[in-house]
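Please read the following note with the sequence and the model side by side. Each numbered point takes up one feature that can be looked up in the structure.

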Amino acid sequence: SSLVMKGKKRIFVCVELSDSDVDAVARTIELLQCQHPWKQLRNHTRWVNPRSSHLTLRFLGDMGDEEIETLRSKLDLELAALGNLEPFPLAAASLGTFQRKGLPSVLWLGLTNETTKKLQMVERCVRRAAGGEGEERFSPHITLARFSFKGREQDGRTLLRKLRTSSGEGGQQQEDFSKLISGKDGAILDYDVGLMGVVDRVCIMQSELSREGAKYTPLHILRWKGAADADGREAGGGREAAASSSLPPTPPD
């Protein structure tokens, strides 16, 4: 990655996950790590640190303090366009992959159609505030892992071919997970991990890269009218639904 320009900060806008949803992501990663085919791909897989999990709405790159303040001001105005949109559930529905050159590059957790539609509304506000229009469709997701076959692409293809055709003890579950390495972008497998949080704000986040990984620092938290009004109607007005500390059930065998 290129070094951040002097006096600039590496910025993106995101939805932060509630504590219970961070726990759900952590549990999901633990479950997947010991299942086919991810167990066999461990030498090519870098799992995310669930404690830093978030849902990126838009990556904006290097920005100076004045640019960040302008973004904050414009985004505040754009979010007003959401009007009375109430806080909505961050509900998961699927696992999917992004592919590069016929090999998986990212494993991600996809969201329900209803959650996706509402997040697309929020992302359009971010896009307009950042001065971007007419770009590719936003597909919200939570990244679980990244794959690297650099310099060993042929080994990767051979390994994936073996994983797709192996039978083993996994039965239907193994077959379902193997679909995720089928060479297609998109949601492949229905998968609900029991997310419990709600979306009621966005965060302008600074990312600092190092050999130890990325460090994220929230700079500004912004809400829209409907989310703030909902807090006024509910005692406590927290970010999470009741019983939000529960972990997701183990997927069925």
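**Notes on the model**

1. In the hairpin that β5 and β6 form, 2 residues lie between the strands, and K101 takes a positive phi near 55°. This is a predicted model, in which local features need pLDDT of at least 70, side-chain atom pairs count only at pLDDT 80 or more, and totals for chains, interfaces and linings use all residues. Residues are numbered from 1 along each chain as its sequence is written, and side-chain values use heavy atoms, with hydrogens and water left out.

2. For the protein chain as a whole, the secondary structure comes to 6 helices and 11 strands; helices (H or I, at least four residues) and strands (E, at least two) are DSSP runs, numbered from the N terminus. Of the 253 residues of the chain, 44% count as buried, a word that here means under 20% relative accessible area, while exposed means over 50% and partly exposed lies in between (1.4 Å probe, protein chains only). Among contacts (heavy atoms within 4.5 Å) between residues at least 6 apart in sequence, 78% join residues at least 24 apart.

3. Does the length of helix α1 agree or disagree with what its number of residues predicts? The 15 residues of α1 (residues 19-33) should span 21 Å at 1.5 Å a residue, and the C-alpha atoms at its ends are 21 Å apart, which agrees; the expected span is 1.5 Å times one less than the number of residues. The buried residues of this helix include V22, V25, A26, I29 and L32. As background, an α-helix has 3.6 residues a turn, so residues three or four places apart point the same way.

4. The largest nonpolar core has 53 residues, and those with the most contacts inside it are L57, L75, L119 and W224; such a core is a set of buried Ala, Val, Leu, Ile, Met, Phe, Trp, Tyr and Cys residues joined through side-chain atoms within 4.5 Å. When its neighbours within four places in sequence are left aside, W224 is in contact with several residues, among them L79, L82, F88, V122 and D200.

5. The count of salt bridges comes to 11, each being a side-chain nitrogen of Lys or Arg within 4 Å of a carboxyl oxygen of Asp or Glu. One of them joins K9 and D65, whose closest N and O atoms are 2.6 Å apart. Because K9 lies in strand β1 (residues 9-16) and D65 in helix α2 (residues 65-79), this pair ties together parts that are 56 residues apart in sequence. K9 itself is partly exposed, with a relative accessible area of 24%.

6. Another salt bridge is formed by the side chains of E123 and R58, at 3.5 Å from N to O. This pair links distant parts of the chain, with E123 in helix α3 (residues 113-129) and R58 in strand β3 (residues 54-63), 65 residues apart. E123 is buried at a relative accessible area of 2%, and R58 counts as buried at 15%. Salt bridges that share partners join R58, E123 and R127 into one network.

7. The structure holds 2 aromatic pairs, which are rings of Phe, Tyr and Trp (its six-membered ring) whose centres lie within 6.5 Å; planes under 30 degrees apart count as stacked, over 60 as edge-to-face and the rest as tilted. F12 and Y216 form an edge-to-face pair, 5.5 Å centre to centre with 85° between the planes. Since F12 lies in strand β1 and Y216 in strand β11, the pair ties together parts that are 204 residues apart in sequence. F12 counts as buried at 4% relative accessibility, whereas Y216 counts as partly exposed at 29%.

8. The rings of F98 and W108 have centres 5.6 Å apart and planes at 45°, so this pair is tilted. F98 belongs to strand β5 and W108 to strand β6, 10 residues apart. F98 is partly exposed, with a relative accessible area of 27%, while W108 is buried at 8%.

Conventions: Two strands pair if DSSP finds at least two bridges between them.
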